[in-house]
Amino acid sequence: MRIDVLTLFPEVFPGVLNASILGRALAAGVAQVHVHNIRDWATDKHAVVDDYAYGGGPGMVMKPEPLAAAIEAVRAMARPAGRAVLLTPQGRLLKQAIVDEMANEERLLLVCGHYEGVDERIREHFVDDEVSIGDYVLSGGELPALVVIDAVVRRLPGALGSAESLLEESHSDGLLEYPQYTRPAVFREWAVPDILLSGHHGEIARWRRRQRIIRTAQRRPDLLANACLTEEERRLAEATLEAVRRETSEAEGPAESTDAQADERRAAKGTQP
Ligand code: 6GU
């Protein structure tokens, strides 16, 4: 896959891209990332890329001409032209399903917005999609573009080692991960749950699965609607939700340490709430 990035701050890109799983995947040729400076397509001698907003108001707006020229030029650099995605807080909220959609493209063009936004005509006529990475405001689309690149590249064939791929499998069912422990078996006064030291692989797999369901119900109940659960697992999720509801109403207002956390500590010990 070829990924092009259009930005006013090309210097922020190489760093993160070269580290860890992403760095290894890019070095292995799983994807190519090309970063371009929008300013290179400015036409006046001061290379101006922003201007005051028509109608007044604070903040500058990214001018349409350099951006349009940059998008057209970069699209023409290879075939197919590829999907152009504007990173903006007004876009569709990024989710794994959107990442997977993007990972199926042969090319991707990520356009990083800046200042107070981009001229509306760019949104309307030069990009195919607009994506946001969450409900908070960042100073520009660069960090979101890096987030998209990381999420997309790790979905490409050959990006992950076999151990990582196995781990990846378990994410595809819409549940949060189970709690992880490594040595020592007792750290300070905190012991690893006995079950994990038992050597009973079947029991361990069942415990982990239960933990994932309890955790998801406690922390991200919104994910349960799309999770793949058996009838018995649904009942466990419902019971966890009910326990959280009961304990929050008993607490009458916000508690210091939440009851969900207490629940989880009990669950991690393998005892029922
Ligand atoms: Cl894509 N851009 C900016 N500027 N802020 C954001 C965002 C994008 N996603 C969340 N916040």
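**Helix 9 and what follows it**

I started just past the end of helix 9, where Glu-252 takes a positive phi of about 45°. I'm working on a predicted model here, so every value in these notes is computed from its atoms.

Then I went back along helix 9 itself, residues 231-251. It has 21 residues and reaches 30 Å from its first C-alpha to its last, close to the 30 Å expected at 1.5 Å a residue. Next I asked myself which residues of helix 9 are buried. I got Glu-233, Leu-236, Ala-237, Thr-240, Leu-241, Ala-243 and Glu-247. Looking down the axis of helix 9, I find these buried residues within an arc of 155°, so they line one face of the helix. The background for this is that an α-helix has 3.6 residues a turn, so residues three or four places apart point the same way. On the face turned away from the buried side of helix 9 I noted the exposed residues Glu-231, Arg-235, Ser-249 and Glu-250.

I repeated the exercise on helix 2, residues 20-27. Its buried residues are Leu-22, Gly-23, Ala-25 and Leu-26. Down the axis of helix 2 they fall within an arc of 165°, so they too line one face. Ser-20 and Ala-27 are exposed on the other side of helix 2.

**Ligand site**

Which residues sit around the ligand? My list reads Leu-87, Thr-88, Pro-89, Val-131, Ser-132, Ile-133, Gly-134, Tyr-136, Leu-138, Gly-140 and Pro-144.

I looked up N and O distances to the ligand next. For Ser-132, a polar side-chain atom lies 3.2 Å from a ligand nitrogen. For Tyr-136 the atom is a backbone N or O, 2.5 Å from a nitrogen atom of the ligand. Leu-138 also puts a backbone N or O atom by a ligand nitrogen, at 3.0 Å.

How much of the ligand's accessible area does the protein cover? I read off 96% of the 290 Å² that the ligand has on its own. As for where the shell comes from, strand 5 (83-93) and strand 7 (129-132) are the elements that give two or more residues to it. Strand 5 supplies the largest share, three residues.

Which peptide bond is cis, with omega near -5°? That is the bond from Arg-79 to Pro-80, and I placed Pro-80 in the loop between helix 3 (64-75) and strand 5. The bond from Arg-183 to Pro-184 is cis as well, with omega near 5°. Pro-184 lies in the loop between helix 7 (162-169) and strand 8 (186-187).

On phi, I flagged Ala-47, which is positive at about 50° although it is not a glycine. I found Ala-47 in the loop between strand 2 (32-37) and strand 3 (50-52). Tyr-115 has a positive phi too, near 55°. It belongs to the loop between strand 6 (107-112) and helix 5 (120-125).

**Aromatics**

How many aromatic pairs does the structure hold? I count one. Its partners are Phe-187 and Trp-190, 5.8 Å centre to centre with 50° between the planes, a tilted arrangement. The tilted label follows because only planes under 30 degrees apart count as stacked and only those over 60 as edge-to-face. I wanted to know whether the two partners are buried or exposed, and both come out in between: Phe-187 is partly exposed at 44% relative accessible area, and Trp-190 is partly exposed at 49%.

I looked at Arg-2, which sits in strand 1 (residues 2-7). Arg-2 is buried, with a relative accessible area of 17%; the cut-off for buried is under 20%. Its side chain makes a polar contact of 2.9 Å with the side chain of Asp-4.

Last entry: Val-49, in the loop between strand 2 and strand 3. Val-49 is buried, with a relative accessible area of 2%.

Terms used:
Residues are numbered from 1 along each chain as its sequence is written. This is a predicted model: local features need pLDDT of at least 70, side-chain atom pairs count only at pLDDT 80 or more; totals for chains, interfaces and linings use all residues. Side-chain values use heavy atoms; hydrogens and water are left out. Rings of Phe, Tyr and Trp (its six-membered ring) pair if their centres lie within 6.5 Å; planes under 30 degrees apart count as stacked, over 60 as edge-to-face and the rest as tilted. Buried means under 20% relative accessible area, exposed over 50%, partly exposed in between (1.4 Å probe, protein chains only). Helices (H or I, at least four residues) and strands (E, at least two) are DSSP runs, numbered from the N terminus. The expected span of a helix is 1.5 Å times one less than its number of residues. The arc is that of the directions from the helix axis to the C-beta atoms. A residue is near a molecule or strand if one of its heavy atoms lies within 4 Å of it. A polar contact is a pair of N or O atoms within 3.5 Å; within protein, one must be able to donate a hydrogen and the other to accept it, and residues adjacent in sequence count only if both atoms are side-chain atoms. Accessible areas come from the Shrake-Rupley method with a 1.4 Å probe; for residues, only the protein chains shown count as cover.
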